Amino acid sequence: MTEQEYAEVLVEFIGNEFLQGEQRAELDQDSPLMESGTLDSLRVALLLSYIRDELHLYVSPAKIDAHHFKDIRTVAGMLHELSVEAQLEEKSA
């Protein structure tokens, strides 16, 4: 998946699972997630489960911080980077 595709999937998931009404309509790739309260520790755990189960990517504990979950664009960039790393590992194995 491209970084943009990850971002689109994340907007849909976060909007549907964590937001309602006007908040959902206003969510975009640059919406602050931690600062706005959209993500808290429980929701980060749910998001990580979604990423693992549906996107088949593992986010290491070292990357679970406010910097990497600042907004959807940042999360999508991290996921794209992880997917590229995983593809390189598969090719070298």
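Two residues are said to be in contact when heavy atoms of the one lie within 4.5 Å of heavy atoms of the other. The model described here is a predicted one, in which local features need pLDDT of at least 70 and side-chain atom pairs count only at pLDDT 80 or more, while totals for chains, interfaces and linings use all residues. Residues are numbered from 1 along each chain as its sequence is written, and side-chain values use heavy atoms, with hydrogens and water left out.

By the contact criterion, and not counting residues up to four places away in sequence, Ser83 touches Met1, Tyr6 and Leu57. Ser83 belongs to helix H4, where helices are DSSP runs of H or I with at least four residues, strands are runs of E with at least two, and both are numbered from the N terminus. With a relative accessible area of 8%, Ser83 is buried, a term that means under 20% relative accessible area, whereas exposed means over 50% and partly exposed lies in between, as found with a 1.4 Å probe and protein chains only. Although Ser83 and Met1 are 82 residues apart in sequence, their C-alpha atoms are 8.0 Å apart in space.

His56, in the loop between H3 and H4, has its C-alpha atom separated by 8.9 Å from that of Ser83, which is 27 residues away along the chain. In contrast to the buried Ser83, His56 counts as exposed because its relative accessibility is 63%. The phi angle of His56 is near 60°, a positive value in a residue other than glycine.

Helix H4 itself covers residues 72-92, and its 21 residues reach 30 Å from the first C-alpha to the last, close to the 30 Å expected at 1.5 Å a residue, the expected span being 1.5 Å times one less than the number of residues. The buried residues of H4, among them Ile72, Val75, Leu79 and Ser83, pack against helix H1 (3-18) and H3. An α-helix has 3.6 residues a turn, so residues three or four places apart point the same way.

A further loop residue, Thr38, is located between helix H2 (21-26) and helix H3 (41-54). Thr38 counts as buried because its relative accessibility is 9%, and, leaving aside its neighbours within four places in sequence, Thr38 is in contact with Ile14, Phe18, Leu19, Pro32, Leu33 and Arg43.

Taken as a whole, the protein has 4 helices and 0 strands. Its radius of gyration is 13 Å, close to the 12 Å that the globule rule gives for 93 residues, so the protein is as compact as a globular protein of that length; the radius is taken over C-alpha atoms, and the rule is 2.2 Å times the number of residues to the power 0.38. The C-alpha trace spans about 45 × 25 × 20 Å along its principal axes, and 37% of the 93 residues count as buried. Of the contacts with a separation of 6 or more, 59% are accounted for by residues 24 or more positions apart.
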